[in-house]
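These are my notebook entries on a single chain. The sequence and the structure come first, and the look-ups follow.

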Amino acid sequence: MRKKTATLLAAGAILAASCTETYHTDSLGIPVTPEEKREYSYTDKKSGYWYGNTHSVASQWYSGWNIAKKRVLADYTLSINGEPLDRSQAECTVYPDRLVRKWENVTETFHMVDNLPILHIGIDTDAEHTSKSIGLDHTLISDSYMKEGYYPGIFFIPKEAPDARIMLASDGGEGYLLIYGTEEECMDLYEEFHSDETKLDRITKERKERINSLVTEYNPTKSNLPELDKALDWITITMDELITEQQGNGIYAGLPWFNEYWGRDMFISFPGACLVTGQFDVAKKILKDFVELQDTDPASETYGRIPNRANLEGILYNTTDGTPRLVIQALEVAKYSGDTEFLKELYPAIKMSIDASIKNYTDEKGYLTHADADTWMDVKRNGIPGSPRGNRANDIQALWYAQLMAGSEIAALMDDMGSAEEWSGLATLLASNFEQDFCNKAESYIYDHLNADGSQDLQFRPNQLYCFDLVSDDDF
């Protein structure tokens, strides 16, 4: 059955009546014209995401359905009475939980669902005597087959995940389900939907309610500017779609290229993603899962660090600033939530991170040393740093100071007064030396970094804006 597209599957019984409740997120739909045509994305909150284009069949190398870092499906097409529906002619509206395309007599609704590797493509038509079909782009598919005997649908073999399958089946109504997993997993999920005709409506509603609660319960905003309110709601919702469980709980660095966890990016976005939205349990899970990835090998050059990048292919520890940010955010969670008990689980990792830095990376003035590309300006080409900032960058010292102070406060909560006093004392030493070594008071700026020989780097960069907590001179 090798074809450019595979076309199949007639519609079956009518689905249970859709939920008629109205939600705030239904008012957030963004109409997109064919002239504007925009890219859009959704995630399943696990390891899957869809990245598409509102008005064209996606052709970019990153577009389509991605599961656990594998791109498994490029796109699909729909046909009515043998005629493909032309996306470039559709009226399209992007909602937080779904994408809707409309033609004269046909409406397509695209959904992902939470925590399941499923795509749902709903089709509604008011035309009589129509036949409907769906075709899958074979760019990323090596083969397809029908299962002998019992026939619920067609199986496709993804090129990037040849041990997995995509199962294409009717949703029991006028649309289609695409299910990902082993053949057995696909069959089991299909049977769940086949045996319970309300399940699809139910999990679709649950996803909508979860997304709606982010902007009506956890983080509602109201100003005198409706468009501002709408923008803030979308920011909250699209930030939340990056909170996933691909490799434990974490936050994607971004879509479509960075569907993986970066320690630095994760904990920069952490307050807005989890704390101001009131998702304290999610925040604790992310912290607990990420410290499981800490480098705990005392012989390692990166002993005590959390990853700069963690994905399913491997872990890299090539950053200095991710680890301080985790410790800082651990204390922030305790302050936001009022819960300090969870810190007991994190404290061994927090203590290891600080003690390892003191032993291996701290100089006589209390500064945290690091390699040229171990700050956020970490680009390398052929192994050569694009912005070398070794070995004591100003923003790293500010983060190290904040890590020491947060760690000291946590240590006191854990009744480890020896560490609390040692770390706060080192923070005081660092601050007193920083003002002397980093502050150019004649020219009113903070040196970008100290070189290994102690000389001061004169490059004028915004990194200095991190450092005000280390400067006691308010006029400066």
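Which residues does Gln 294 touch, not counting residues up to four places away in sequence? I find Gly 304, Arg 305, Ile 306, Tyr 317, Ala 349, Met 352 and Ser 353, where contact means heavy atoms within 4.5 Å.

Entry on conventions. The model is predicted, so I note that local features need pLDDT of at least 70 and side-chain atom pairs count only at pLDDT 80 or more, while totals for chains, interfaces and linings use all residues. Residues are numbered from 1 along each chain as its sequence is written, and side-chain values use heavy atoms, with hydrogens and water left out.

Entry on Gln 294. I located Gln 294 in the loop between α5 (280-291) and β21 (309-311). Helices (H or I, at least four residues) and strands (E, at least two) are DSSP runs, numbered from the N terminus. Gln 294 counts as buried because its relative accessibility is 7%; buried means under 20% relative accessible area, with a 1.4 Å probe and protein chains only. A polar atom of the Gln 294 side chain lies 3.1 Å from the backbone oxygen of Ala 349.

Entry on α7 and α8. I looked up how helix α8 (residues 394-413) meets α7: their axes come within 10 Å and cross at roughly 135°. Axes are lines fitted to C-alpha atoms, for helices over the stretch in contact, and angles run from 0 to 180 degrees between N-to-C directions. α7 is therefore oblique to α8; oblique covers the angles left after under 35 degrees (roughly parallel), over 145 (roughly antiparallel) and 65 to 115 (roughly perpendicular). The residues in contact include Ser 353 and Ile 354 of α7, and Trp 400 and Leu 404 of α8. By class I record 10 nonpolar, 4 polar and no charged residues. Nonpolar means Ala, Val, Leu, Ile, Met, Phe, Trp, Tyr, Cys and Pro, charged means Asp, Glu, Lys and Arg, and the others, Gly among them, are polar.

Entry on α7 and α9. The axes of α7 (residues 343-360) and α9 (residues 417-438) come within 12 Å and cross at roughly 45°. α7 is therefore oblique to α9. Among the residues in contact are Lys 351 and Asp 355 of α7, and Glu 422 and Trp 423 of α9. This contact divides into 5 nonpolar, 1 polar and 3 charged residues.

Entry on the whole chain. I count 9 helices and 28 strands. Of the 476 residues, 55% count as buried. The C-alpha atoms fill a box of roughly 80 × 50 × 45 Å, taken along the principal axes.

Notes: Buried means under 20% relative accessible area, exposed over 50%, partly exposed in between (1.4 Å probe, protein chains only). A polar contact is a pair of N or O atoms within 3.5 Å; within protein, one must be able to donate a hydrogen and the other to accept it, and residues adjacent in sequence count only if both atoms are side-chain atoms.
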